[in-house]
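Keep the viewer open as you go.

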Amino acid sequence: VKESGPDLKPVAEIVSPDSDIVVYVGESVDFSGSVTSGNAPFRYVWDFGGAAASANVEDPEPVTFSAEGTYTVTFTVTEAGVSSRKVTRAVGLNGFG
């Protein structure tokens, strides 16, 4: 439920995955986000830490990670160009499974 009002700031949440994860190289990860509070319209930006191109939607396509390492995935929600909130999730990659 998206509420609106003059004093509400957006609250961003990464819904999926619901915690930091470790996957194998070549695996895909489904990401989805949500926003509560704030004043629509909202602008969404996903930054996959260099593992994939950024996405400007609330729920991007699955992301396939192709190199070992740890990636910080950031979901940013901006309301009407004013207030923004960021949340992050770590994705660690092991060698091929």
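Pro17 sits in the loop between β1 (11–16) and β2 (21–24). Strands here are DSSP runs of E with at least two residues, numbered from the N terminus. This is a predicted model, where local features need pLDDT of at least 70, side-chain atom pairs count only at pLDDT 80 or more, and totals for chains, interfaces and linings use all residues. Residues are numbered from 1 along each chain as its sequence is written, and side-chain values use heavy atoms, with hydrogens and water left out.

Most residues other than glycine have a negative phi, and most peptide bonds are trans.

| Peptide bond | Omega | Where the proline is |
|---|---|---|
| Ser16 to Pro17, cis | near -5 degrees | loop between β1 and β2 |
| Ala40 to Pro41, cis | near 10 degrees | loop between β4 (32–36) and β5 |

The loop between β4 and β5 also holds Ser37. Ser37 isn't a glycine, yet its phi is positive, at about 65 degrees. Is Ser37 buried or exposed? It's buried, with a relative accessible area of 14%; the cut-offs are under 20% for buried, over 50% for exposed and partly exposed in between, using a 1.4 Å probe and protein chains only.

**The core**

Back to Pro17 for a moment: Phe31 touches it, along with Ser16. Other residues that Phe31 touches include Trp46, Phe65, Val73 and Val91, leaving aside residues up to four places away in sequence. Contact means heavy atoms within 4.5 Å.

Phe31, Trp46 and Phe65 have the most contacts inside the largest nonpolar core, which has 20 residues. β1, β5 (42–47), β7 (69–79) and β8 (83–94) each supply at least two residues of this core, and β7 gives the most, with four. A nonpolar core, by the way, is a set of buried Ala, Val, Leu, Ile, Met, Phe, Trp, Tyr and Cys residues joined through side-chain atoms within 4.5 Å.

Why call β7 largely enclosed by the rest of the structure? Because eight of its eleven residues are buried.

β7 pairs with β5 in the antiparallel sense over six bridges, and Asp47 has Thr74 in β7 as its bridge partner. β7 and β8 also run antiparallel, joined by eleven bridges. There, Tyr71 stands opposite Val91 in β8, and Val91 is one of the residues that Phe31 touches. Strands count as paired if DSSP finds at least two bridges between them.
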